[in-house]
Amino acid sequence: MSRPKIPRKICGQPANSCFKPNGIPMRLLDEIQLYDDEFEALRLVDYLGMQQQEAAIQMGVSRQTLANVLKAGRFKVVECLSQGKALLMNRKIEDEKTEKEN
């Protein structure tokens, strides 16, 4: 049994819920989900220029947890850009509601 996930403090929201290559219908693209904590880690470290320790404190997690979340988020962004996949954001809440209903 895995440990319960520590709640993260999420302050930023993406401007859009999806980024995809131009001219290709969504139904033809593979989709990658960028979770809220991954977006927040990217925003704090890469966009706002915070040090990882400072960003970890802001999110309420350890520095190692932030580094792991940041690495996963960066990998997903690069995968979408290099492989021409759609990057979806802000669907975590909807996914959790669907899981609870099943």
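A nonpolar core is a set of buried Ala, Val, Leu, Ile, Met, Phe, Trp, Tyr and Cys residues joined through side-chain atoms within 4.5 Å. Buried means under 20% relative accessible area, exposed over 50%, and partly exposed in between (1.4 Å probe, protein chains only). The views below come from a predicted model, where local features need pLDDT of at least 70, side-chain atom pairs count only at pLDDT 80 or more, and totals for chains, interfaces and linings use all residues. Residues are numbered from 1 along each chain as its sequence is written, and side-chain values use heavy atoms, with hydrogens and water left out.

**View 1. The nonpolar core.** The largest nonpolar core holds 18 residues. Leu34, Ala41, Ala55, Met59 and Leu66 touch the most other members. Two or more residues each come from β2, α1, α2, α3 and β3 (86-89). Helix α1 gives the most to this core, with 5 residues. Leu66 is in contact with Ala41, Val45, Gln52, Ala55, Ala56, Met59 and Val61, leaving aside neighbours within four places in sequence. Contact means heavy atoms within 4.5 Å. In soluble globular proteins, nonpolar side chains tend to be buried together.

**View 2. The whole chain.** The protein has 4 helices and 3 strands. Helices (H or I, at least four residues) and strands (E, at least two) are DSSP runs, numbered from the N terminus. Along the sequence the pattern reads β-β-α-α-α-β-α. Of the 102 residues, 31% are buried. Among contacts with a separation of 6 or more, 75% join residues 24 or more positions apart.

**View 3. Helix α1 against helix α2.** Two packed helices are described by the angle between their axes and the distance between the axes. Here the axes of α1 (residues 36-47) and α2 (residues 52-59) come within 10 Å and cross at roughly 135°. Axes are lines fitted to C-alpha atoms, for helices over the stretch in contact, and angles run from 0 to 180 degrees between N-to-C directions. The two helices are therefore oblique to each other. Angles under 35 degrees count as roughly parallel, over 145 as roughly antiparallel, 65 to 115 as roughly perpendicular and the rest as oblique. From α1, the contact uses Asp37, Glu40, Ala41, Leu44 and Val45; from α2, it uses Gln52, Ala55, Gln58 and Met59. By class these are 5 nonpolar, 2 polar and 2 charged. Ala, Val, Leu, Ile, Met, Phe, Trp, Tyr, Cys and Pro count as nonpolar, Asp, Glu, Lys and Arg as charged, and the others, Gly among them, as polar.

**View 4. Helix α2 against helix α3.** Helices α2 and α3 (residues 63-83) pack at an angle of about 95°, with their axes 8 Å apart. That makes α2 roughly perpendicular to α3. Gln52, Gln53, Ala55, Ala56 and Met59 of α2 meet Arg63, Leu66, Ala67 and Leu70 of α3. This contact has 6 nonpolar, 2 polar and 1 charged residues.

**View 5. Helix α1 against helix α3.** The axes of α1 and α3 come within 8 Å and cross at roughly 95°. These helices are therefore roughly perpendicular to each other. On the α1 side are Asp37, Glu38, Ala41, Leu42, Val45 and Asp46; they meet Leu66, Val69, Leu70, Ala72, Gly73, Arg74, Lys76 and Val77 in α3. The contact divides into 8 nonpolar, 1 polar and 5 charged residues.

**View 6. Burial along helix α1.** Helix α1 is mostly covered, with 9 of its 12 residues buried. Among them are Phe39, Leu42 and Leu44. Asp36 is also buried, with a relative accessible area of 18%. The C-alpha atoms of Asp36 and Arg8 are separated by 9.1 Å, although the two are 28 residues apart along the chain. Just after α1, Gly49 takes a positive phi of about 75°.

View 7. Lys76 sits in helix α3. This lysine is buried, with a relative accessible area of 16%. Lys76 touches Ile32, Gln33, Leu34, Tyr35, Glu38 and Leu87, not counting residues up to four places away in sequence. Ile24 lies in the loop between β1 (18-19) and β2 (31-34). Ile24 is partly exposed, at 32% relative accessible area. From Ile24 to Ala86 the C-alpha distance is 9.9 Å, across 62 residues of sequence.
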